Amino acid sequence: MPITIKSEREIALMTEAGRILEIVHTELERALKPGMTTLDIDRLGEEVIRSFGCEPSFLNYNGYPASICVSVNDEVVHGIPSKQRVVREGDIVSLDAGVIYKGYHSDAARTHAVGEIGPEVKKLVEVTRQSFFEGIKFAKEGNHLFDISNAIGRYVRQFGYGVVRELCGHGIGTHLHEEPEIPNFSVLRRGPKLKAGMTLAIEPMINLGTARVRWLEDDWTVVTADGKPSAHYENTVLITKGEPRLLTLTGK
């Protein structure tokens, strides 16, 4: 499947999908507190998504059983919400969500601290978020895709963190996952040239320790191989003739 270039109409629809998803994340961050279950988080997220007349991108996607991926501490991504899993003070919680608005997807993730967390983990969360912004400095027409990957990897490397290699970002549009795949680590090749109208979900997944991960028996939840924490940060990005537009972070 070739990389799609979105029309003005498609960009307008994806912009609205992104605006709604930004609100979903704002509501989830506001509600997140010790004592909640991860299923509570999922139900709230789905409720907010549907309140806008939208569908959750993730629900039943390839069999995924929930609307919000809720990943706690050493869970990298795709944590399945459960009424047995209680969020506690000192946890970090990664929330990954998607919205379908009139057939078009948006996708974004945030990692939040629950109460006070240690300085080492706080720095991991901050570096993961900043690595995204280091990457999108190169998300401009005329640059190449892996300029983004190289910038993310280069920034994270100086902190000695592990950059997850088995999972990556992706194109997005009428499908949640479209071409191209977007690594978060340095790549020798340059990759395709970026063009205005491309929409990309760029999402660094960074581990405090080893880059290695493993899948749990549910075949969804990805955890760090050494049990150390992981952070995740993602936005849906529109390539333009000038600076990139963050469709899921309108205030930036």
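The model is predicted: local features need pLDDT of at least 70, side-chain atom pairs count only at pLDDT 80 or more, and totals for chains, interfaces and linings use all residues. Residues are numbered from 1 along each chain as its sequence is written, and side-chain values use heavy atoms, with hydrogens and water left out.

Helices (H or I, at least four residues) and strands (E, at least two) are DSSP runs, numbered from the N terminus. Strands of a sheet pair through backbone hydrogen bonds, either parallel or antiparallel. Here, two strands count as paired if DSSP finds at least two bridges between them. Strand β12 (residues 222–224) is joined to β3 by 2 bridges, and the two run antiparallel.

Strand β5 is mostly covered, with 9 of its 10 residues buried. Buried means under 20% relative accessible area, exposed means over 50%, and partly exposed lies in between (1.4 Å probe, protein chains only).

Several backbone features stand out. Most residues other than glycine have a negative phi, and most peptide bonds are trans. Asn62 has a positive phi, near 55°, and is not a glycine. Asn62 lies in the loop between β1 (55–56) and β2 (68–72). Its relative accessibility is 63%, so Asn62 counts as exposed. His78 is not a glycine either, yet its phi is positive, at about 65°. This residue lies in the loop between β3 and β4 (92–101). His78 has a relative accessible area of 23%, so it is partly exposed. A cis peptide bond joins Glu179 and Pro180, with omega about 5°. Pro180 belongs to strand β8 (residues 178–182).

Aromatic contacts come next. A pair of aromatic rings is described by the distance of the centres and the angle of the planes. Rings of Phe, Tyr and Trp (its six-membered ring) pair if their centres lie within 6.5 Å; planes under 30 degrees apart are stacked, over 60 edge-to-face, and the rest tilted. The whole structure holds 6 aromatic pairs. In one of them, the ring centres of Phe132 and Tyr233 are 5.4 Å apart and the planes lie at 65°, so this pair is edge-to-face. The two residues are 101 residues apart, with Phe132 in helix α3 (residues 119–136) and Tyr233 in the loop between β13 (230–232) and β14 (235–238). Phe132 is buried at 0% relative accessibility, and Tyr233 is buried at 5%. Phe159 and Tyr161 form a stacked pair, 6.0 Å centre to centre with 15° between the planes. Phe159 is partly exposed at 28%, whereas Tyr161 is buried at 13%. Phe132, Phe133 and Tyr233 form one aromatic cluster. A charge also sits over a ring: Arg165 lies over the face of Phe185, at 3.9 Å from the ring centre. The rule asks for NZ of Lys or CZ of Arg within 6 Å of the ring centre and within 35 degrees of the ring normal.

A disulfide is a covalent bond between the sulfur atoms of two cysteines. The cut-off used is a pair of cysteine sulfur atoms within 2.5 Å. The count comes to 0 disulfides. For Cys54, the nearest cysteine sulfur is that of Cys69, 18 Å away. The sulfur of Cys69 is 15 Å from its closest cysteine sulfur, in Cys168, which is too far for a bond. Cys54 is buried at 2% relative accessible area, and Cys69 is buried at 3%.

In soluble globular proteins, nonpolar side chains tend to be buried together. A nonpolar core is a set of buried Ala, Val, Leu, Ile, Met, Phe, Trp, Tyr and Cys residues joined through side-chain atoms within 4.5 Å. The largest such core has 35 residues, and those with the most contacts inside it are Val24, Leu32, Ile41, Val93 and Val99. At least two residues each come from α1 (8–31), α2 (38–51), β2, β4 and β5 (104–113). Helix α1 gives the most, with 8 residues.
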